[in-house]
Amino acid sequence: MAEWTSVLASAIQVQADKGPVGSSPLAEIEFWRERNSALSSLYEQLNLPQARKIVAVIEAGSEDQNLLNSFKAQFTELTKLCVEARDNVKFLTTLERHFKNIANGPLGEPFVCRWQTNIQNCVASRRWHI
């Protein structure tokens, strides 16, 4: 359980330290896709029946409630971040086609850069509602 807790904490910290590579909306979309992929794979592994059984056994017989509470807190944070990443990927994917058209069109990068601030504000505001 201690190893799982440290892996969760490490994965959450790595994702917190990352940011989009580049300043375009397409970079923002790729950032959220990568975050979703990294966090959801860990989340899915911890939701496998075998992992759930191990957690249940530890809950039933563990003397170290601090370790169990720490794991639960990390798992709750992972769940929250997974939902956030998944929702942002869904939202931004609906806009991706338009950003590709704008980026490859005659207005190009200067036009996309003006949109970057707006899309980042929109994603940031969605974080508060999750």
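## Overall make-up

The protein has five helices and zero strands. Along the sequence, the elements follow the pattern α-α-α-α-α. Of the 130 residues of the protein, 31% count as buried.

Among contacts between residues at least 6 apart in sequence, 80% join residues that are at least 24 apart.

## Confidence

The model is predicted, and the mean pLDDT of the protein is 81. A pLDDT of 70 or more is reached by 80% of the residues.

Helix α5, residues 108–128, has the lowest mean pLDDT among the elements, at 57. Helix α2 has the highest, at 91.

## Helices α2 and α4

Helix α2 covers residues 25–46, and helix α4 covers residues 65–104. The two pack at an angle of about 150 degrees, and their axes are 7 Å apart. Angles over 145 degrees count as roughly antiparallel, so α2 is roughly antiparallel to α4. Their crossing is left-handed. The residues of this contact divide into 17 nonpolar, five polar and seven charged.

Y43 is located in helix α2. Its relative accessibility is 27%, so Y43 counts as partly exposed. Apart from neighbours within four places in sequence, Y43 is in contact with F75, L78, T79 and C82.

## Helices α1 and α4

Helix α1 covers residues 2–17. The axes of α1 and α4 come within 9 Å and cross at roughly 35 degrees. This crossing is left-handed.

On the α1 side, the contact involves A2, W4, T5, L8, A9 and I12. On the α4 side, these residues meet L67, S70, F71, Q74, F75, E77, L78 and L81. By class, the contact of α1 with α4 has 10 nonpolar, three polar and one charged residues.

## Helices α1 and α2

Helix α1 also packs against α2, at an angle of about 165 degrees and with the axes 10 Å apart. The angle makes α1 roughly antiparallel to α2. The crossing of α1 and α2 is left-handed.

From α1, the contact is made by W4, V7, L8, A11, Q15 and A16. From α2, the residues are R35, A38, L39, L42 and L46. The contact of α1 with α2 divides into nine nonpolar residues, one polar and one charged. W4 and L8 are listed in this contact, and W4 and L8 are also listed in the contact of α1 with α4.

V55 lies in helix α3, which covers residues 49–61. Buried means under 20% relative accessible area. V55 has a relative accessible area of 14%, so V55 is buried. Leaving aside neighbours within four places in sequence, the contacts of V55 are M1, W4 and F71. V55 and F71 are 16 residues apart in sequence, and their C-alpha atoms are 9.5 Å apart in space.

V7 lies in helix α1. With a relative accessibility of 40%, V7 counts as partly exposed. V7 and F71 are 64 residues apart along the chain, and their C-alpha atoms are separated by 10.0 Å. F71 belongs to the residues of α4 that meet α1.

Key. Residues numbered from 1 in each chain as written. Predicted model: local features only at pLDDT ≥ 70, side-chain atom pairs only at ≥ 80, totals over all residues. Heavy atoms only, no water. Axes fitted to C-alpha atoms, helices over the stretch in contact; angles between N-to-C directions. Helix = DSSP H or I, 4+ residues; strand = E, 2+ residues; numbered from the N terminus. Parallel < 35°, antiparallel > 145°, perpendicular 65-115°, else oblique. Left-handed = near helix turned anticlockwise from the far one by under 90°. Nonpolar A, V, L, I, M, F, W, Y, C, P; charged D, E, K, R; others polar. pLDDT = per-residue confidence, 0-100. Buried < 20%, exposed > 50% of the residue type's maximum accessible area, 1.4 Å probe, protein only. Contact = heavy atoms within 4.5 Å.
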